[in-house]
Amino acid sequence: MAEAPTALLTTADGRPLKAALATAQARARRRAFLLVLPLLAFVLLTFLIPIVYMLKRSFEHDGFASSAPALVAWFKSNPDFDPMNPPEEAYAALVQDLARMQVEKTTGIAGTRINYSVPGSISLFKKGAREAASLTPPFKESLPALDKEWARPALWRGMASASHVYTAEFYKVALDLKLTDKGWERGQDNERIYLYLFAKTFLISAIITLLCLLLAFPVAHLLATLPMAKSSLLMILVLLPFWTSLLVRTTSWIALLQEQGVVNNMLVALGLLDDSGRLAMMYNMTGTIVAMTHVLLPFMILPLYSVMRVIPPSYARAARSLGATSWTTFRRVYLPQTLPGIAAGSLLVFILAVGYYITPALVGGADGQLISNLIAFHMSKSNWSLAAAIAGMLLASILLLYWLYDRLIGIDRLKFG
Amino acid sequence: MTQEPRTDAFVAFEHVQKSYDGVTLVVKDLNLSIGKGEFLTMLGPSGSGKTTCLMMLAGFETATHGEIKLDGVNINQVPPHKRGIGMVFQNYALFPHMTVGENLAFPLEVRGMGKDEREAKIKRALDMVQMGAYANRRPAQLSGGQQQRIALARALVFDPKLVLMDEPLGALDKQLREHMQFEIKHLHESLGITVVYVTHDQGEALTMSDRVAVFNDGRIQQLAPPADLYERPENSFVAQFIGENNKLLGTIEELTGDRALVRLATGELIDATAVNAREKGGKTLVSIRPERVEFKPEMMPPGAHTIDAEVVEIIYMGDILRAVLKVAGSDGFVMKMRNTLGQTKLTPGQKIKVGWHPQDARALDP
C-alpha cells in the first residue's frame, strides 16, 4: 500500500485504531463474562473455596497452640531443647497450662491435637489437667510421678510440634510416619495402614478400569455400528443406570451377590455349589469391584462411543481389501483410532474410582474399603485435619496422574463425548 | 441388456441377485463379463445398485443368488482379504494414524514382505503418482488431490490384477477431477490392470472407460463403449441419463426398415430411427441430441421433415449458443449452435424451422 507503514492508523474520527478496537471488543468481552459469571461464582463457592479450605485445614490446627500459651512461649524461646530431658521451666509451664485448660475446659481439644502424633494423649491430658492444681514443685518430678508418660520424649516432641499452628504433621501421619522418642520414623510394616490403603485403592481402581474397558469396548462398538433405531434402544439401556438411584443399584447387587442371594441360591440349586460352600461375593473386595465396575461402566462406554461413532467403516474395509485379516484390521487400524476414547474413558473411570465412597462403604465389608472410606471415617471422628491431609494427598496424586497423562498422550486428545 | 458370458472373462457376474431386506431386490439378475485389462465403468443414479455390485465384487457384501467369478474361479465364499483386489474408496480411507509411507507399507506388511522389497515397492508406487516426497507426511497434512493420489498408490502398491474404484474423484473440484481422470486412465493403460470404476458422473464415465454399464433399478440398462452409449442409446432411460436430450412423444405412423415416421400429439410429422419401439401405431418417445438439431435447410438431408419452432431464449455459453425453442406446444426444446464467426444470430420470438438426420432421432420406448 501507498501509506507509510510507520504511520499510526486511526479511525475516521481520529482515535488510534488499536484503542478503538480494544473498546469495541471490551464490550463484547464484558457481555461474555457476565454470561459465565453465575457458573464462575458457583464453581468458586462450591468447589474451589472448599478445596482451598480443606487444604488449609490439612496444614493448620490450633487446638494445642491456643490452649497452652505458657508452654508455647517456652518452646518459642527454647527451640533447641532436649526432648529426652526437658528442664524444670518447661514442666512448670506445662503444669500452669494444664491448670488453665481445666478452668477453660480446653483439655479435650489440646489432648486431641497431641493425640494425632502421640496416641493415648487425650486421657493423659484429662488426668493431668484434673490434678494440675494440686501438684507441687519441682514439677519435673511430680508430673511424671502422676503418669510416667509425661516424661516421654515423643510426647515432648509432639507438644513442641503442636505449639505451631501450621504443621506438616498430618501429612507425616498420612504417610505412615510414627513419632517415636527419637523423632519421626517409618512405622512397622503391619502398622502402615494409610499407604497400604492408598496402594490398594489405586490397584482396585486399575482393575475396575480394565474391567470397564473390556466390557465397554464391544458395547460401544455395537452402539456405534448398529442402525439408528436399535442403537437408540441400546443407548437407553446404557443410560438407564444414571436414572436409577446409586443406592438402589448398589443394594440390588447386595441382593444378587450376598451369601443367601440370587446368584448363590441359583448355583446351589443347580448343584454347582454345596450349600456350605456358598461363594463370598459380597462385603469383600469382590463385591466392591463388581458393584463399582457396574456403576462406572457408562463413563467408559460414552467416550468410547463418541470416538467410534466417527470412525468411518471404510477404514476397516480398506484394510480388508489391502489383505489384512479381521484381527489385523482390528489391531492395526481400528484400535489405534479408538485410543483417544480409551484414554478418556480410562482416565475418567480411574479418577472416579479412586475417590469412590458410597459403593465400597455399602458392599465392601472390612476387606473392600478404599481410601475415601478412611477419609470419611476420620471426618466422622472429627479428625478434620488428618482427613484433609489424606484427601490432599489423593488430590495431589490425581493431579500428578493428570499431568503424566498430559505429558504422555496430551489432554487435547481427550474425547469425552 | 444381458450379455453371454465371454470365455476370456476376467471378472464375471452370472445371474447375480442381491437383496438386503428379503423383500426387494437391489440387484436383479446381473450378468456382466469384464475382460482382462478392460476399464469398465458402472454408471447410474444413486440407489441403482452399482455400488452394491462393486461391494459384492470386493467381498464386503455377499450375493443373495448367483456367482461371481474372478479369473474363472468362483469367489462367492472368498473373504475380502484373500481376493487380492485393490480398492480406492470415495473418502480415500487413508489410515489417519499412519504416515503415507506406513499406509503404503500396510498391504505389503500383511503379506509378509521383507523390508527392502517393501521400500522399493513403496517408492515405485509413490513415484508413479508423483508423490515421492510425501512418504513421511500424515494424510491430514495433504490436500484432497494428494490424498487421492496416495489412495491410488496404496491400491496399486501390492500389484493387484483388478482395481475397484468407488467414486474416487467425487470430493475433488472440477479442474482437479479432470486432471485425475486423465492420470487414472494413463495409469490403467501403462500398468495393464483391469479397472472397475463406479461413478454417477456421466462425463467421467464417457472420458475414461472402455465400456460403460448404465445401471438403473438394479439392472444394466445398456453396456456399450462411450460413443455408442451417447450416440445410440437403446432405451429412453439411457438417452436421458447420458447427456442432454430432447424428448418428443408421438405415435409411429409409418415404418420402413429402420426408418420411422412419427406423428406428434400436435399433428406434426418427424423422422426417426426405430430402436426399441418397432410397432406401427405404437407410442414412442423420440430422443434427439441438442447439438444434432439443425435450423438451416442446407444442413438437412433432402426430404427430411421439418417442424415449426419459435425461439424462446438464447443463452450465451461461450463456446456454444444454446437456443431454447418452443416446439410442438412445449418450450423445453434445446438446440446447440457452435459460436462461429458466421453463425446466424437468432432473436427471441423469431420463427424458424428445425430438422435433423433421421439417424440422430431415436424412437425409443415411451
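This is a predicted model: local features need pLDDT of at least 70, side-chain atom pairs count only at pLDDT 80 or more; totals for chains, interfaces and linings use all residues.

Me: What makes strand 14 and strand 19 of chain B a pair?

Reply: Two strands pair if there are at least two bridges between them. Strand 14 (residues 283–288) and strand 19 of chain B are joined by four bridges and run antiparallel, so they count as paired.

Me: How do you know that strand 13 of chain B pairs with strand 19 of chain B, and in which sense?

Reply: The cut-off is at least two bridges. Strand 13 (residues 269–274) of chain B has two bridges to strand 19 of chain B, in the parallel sense, so they pair as well. As for partners, T273(B) is bridged to R362(B) in strand 19 of chain B.

Me: Why are both faces of strand 19 of chain B called covered?

Reply: In a regular strand the side chains alternate between the two faces of the sheet. In strand 19 (residues 361–364) of chain B, one side has A361(B) and A363(B), the other has R362(B) and L364(B), and all of these are buried. Buried means 20 or more other C-beta atoms within 10 Å of the residue's own.

Me: Over in chain A, how do you know that the buried residues of helix 17 are on the same side?

Reply: The buried residues of helix 17 (residues 371–380) of chain A are I371(A), S372(A), L374(A) and I375(A). Around the axis they cover an arc of only 155 degrees, so they sit on the same side of helix 17 of chain A. An α-helix has 3.6 residues a turn, so residues three or four places apart point the same way. The buried residues of helix 17 of chain A pack against helix 9 (193–225) and helix 18 (384–408) of chain A. After helix 17 of chain A comes S382(A), with a positive phi near 65 degrees.

Me: Which elements do the buried residues of helix 4 of chain A pack against?

Reply: Helix 4 (residues 107–117) of chain A has T107(A), A110(A), G111(A), R113(A), I114(A), Y116(A) and S117(A) buried. Their packing partners in chain A include helix 3 (88–104), helix 5 (121–132), strand 1 (177–180) and helix 18.

Me: What makes the two chains partners in contact?

Reply: A contact needs C-beta atoms within 7 Å. In this model, 18 residues of chain B are in contact with 15 residues of chain A. On the chain B side, strand 6 (85–88) and helix 2 (100–109) each supply at least two residues. By class, that side has 13 nonpolar, three polar and two charged residues. The predictor gives the complex an ipTM of 0.81 and a pTM of 0.79.

Me: How are the domains of chain B set out, and how many residues do they bring to their contact?

Reply: The domain assignment gives domain 1 (9–236) and domain 2 (244–364) of chain B. Their C-alpha centres lie 39 Å apart. The contact takes four residues from domain 1 of chain B and six residues from domain 2 of chain B.

Me: What is the predictor's confidence in chain B, and where does pLDDT stay under 50?

Reply: Chain B has a mean pLDDT of 88, with 97% of its residues at 70 or more. Residues 1–5 of chain B are where pLDDT stays under 50.

Key. Residues are numbered from 1 along each chain as its sequence is written. Chains are lettered from A and ligands numbered from 1 in the order in which they are written. Ala, Val, Leu, Ile, Met, Phe, Trp, Tyr, Cys and Pro count as nonpolar, Asp, Glu, Lys and Arg as charged, and the others, Gly among them, as polar. pLDDT is the predictor's confidence in each residue, from 0 to 100. A residue is buried if 20 or more other C-beta atoms lie within 10 Å of its own, exposed if 12 or fewer, and partly exposed in between; C-beta atoms are placed from the backbone. The arc is that of the directions from the helix axis to the C-beta atoms. Domain bounds come from an automatic or database domain assignment.
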